[in-house]
Amino acid sequence: MSESVASADLPPLPYRTPPQWAARWLDHRDELLVEQAHLEKKAAAAALSFLFRLPADPALQRGLSALAREELVHFERTLKLLGARGIPFGPLAPCPYAAELKRAVAATMPERLVDELLVSAIIEARSCERMQCLAQVLAPVDAELAGFYSELVAAEARHADLYQEAAATLVPPAVVALRWQRLGAHEARVLRGLPAVPRLLGGSGDDALGGGGGG
Ligand SMILES: [Fe+2]
Ligand SMILES: [Fe+2]
């Protein structure tokens with residue numbers, strides 16, 4: 001994004017997914033793909049919700065509208081890949097990651113809306129990181145799926161930037177930086193506490209993987 005919406009310039013998230021994370025789920029590609037379709041649909045819904053709740057700044061509205069469309073394109077793309085592989089798309093128990101992140105959102109406005117935007121930025125950034133991990137591990141064994149994840153990575157990174165920038169339109173930069181720091185620390189605790197399951201945003205099983213990420 002950009003146009004007239006200012007850059008938020010926030011530091012990277014303190015938690016880093018252990019490099020071994022993706023290799024565990026090579027035999028769970030079907031489940032990951034079904035989850036991906038659900039995640040893309042939820043991401044589109046989140047963008048549409050913000051479109052109605054944020055101030056009517058033209059640059060921001062255009063950015064959010066484009067983001068919502070892009071998530072739907074990702075959703076359709078994932079459905080197509082599922083169809084081509086003969087994998088049925090159906091219900092899947094949601095991973096508690098997003099719900100756990102939202103538990104740290106402020107109770108009062110405007111910080112509540114800022115936090116909700118930053119939670120979306122965190123989800124996009126973590127998805128981006130995890131898809132990069134998956135693409136690397138899949139490259140030698142499933143080039144089509146590796147390419148699929150690789151192509152999504154750049155878009156999800158842009159989405160993270162846009163949500164950070166949107167938050168920066170609501171409160172001063174120091175407030176955004178403080179909320180980002182708190183939510184980032186919370187996200188690290190959430191990921192360390194979640195079970196290691198074949199989900200894009202599941203726990204890493206840090207102990208089993210030998211220490212896990214920083215911060
Ligand atoms: Fe997406
Ligand atoms: Fe996204």
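**Helix 4 and its surroundings**

Modeller: Helix 4, with 28 residues, reaches 40 Å from its first C-alpha to its last, which is close to the 40 Å expected at 1.5 Å a residue; the expected span is 1.5 Å times one less than the number of residues, and helices (H or I, at least four residues) are DSSP runs numbered from the N terminus. This is a predicted model, in which local features need pLDDT of at least 70 and side-chain atom pairs count only at pLDDT 80 or more, while totals for chains, interfaces and linings use all residues. Residues are numbered from 1 along each chain as its sequence is written, and chains are lettered from A and ligands numbered from 1 in the order in which they are written.

Helix 4 is mostly covered, since 21 of its 28 residues are buried; a residue is buried if 20 or more other C-beta atoms, placed from the backbone, lie within 10 Å of its own, exposed if 12 or fewer, and partly exposed in between.

Two packed helices are described by the angle between their axes and the distance between the axes. Helix 4 (residues 111-138) packs with helix 5 (residues 143-168) at an angle of about 160 degrees, their axes being 8 Å apart; axes are lines fitted to C-alpha atoms, for helices over the stretch in contact, and angles run from 0 to 180 degrees between N-to-C directions. That angle makes helix 4 roughly antiparallel to helix 5, a word used for angles over 145 degrees. By class, the contact of helix 4 with helix 5 has 20 nonpolar residues (Ala, Val, Leu, Ile, Met, Phe, Trp, Tyr, Cys and Pro), two charged (Asp, Glu, Lys and Arg) and six polar (the others, Gly among them). The crossing of helix 4 and helix 5 is left-handed, meaning that the near helix is turned anticlockwise from the far one by less than a right angle.

Helix 5 also meets helix 2: the axes of helix 2 and helix 5 come within 11 Å and cross at roughly 155 degrees. Helix 2 and helix 5 are therefore roughly antiparallel to each other, and helix 2 passes helix 5 in a left-handed crossing.

Beyond helix 2 comes a loop: R85 is found between helix 2 (58-84) and helix 3 (97-102). R85 is exposed, with 12 other C-beta atoms within 10 Å, and the C-alpha atoms of R85 and V34, 51 residues apart along the chain, are separated by 11 Å.

Technical notes:
Helix = DSSP H or I, 4+ residues; strand = E, 2+ residues; numbered from the N terminus. Parallel < 35°, antiparallel > 145°, perpendicular 65-115°, else oblique.
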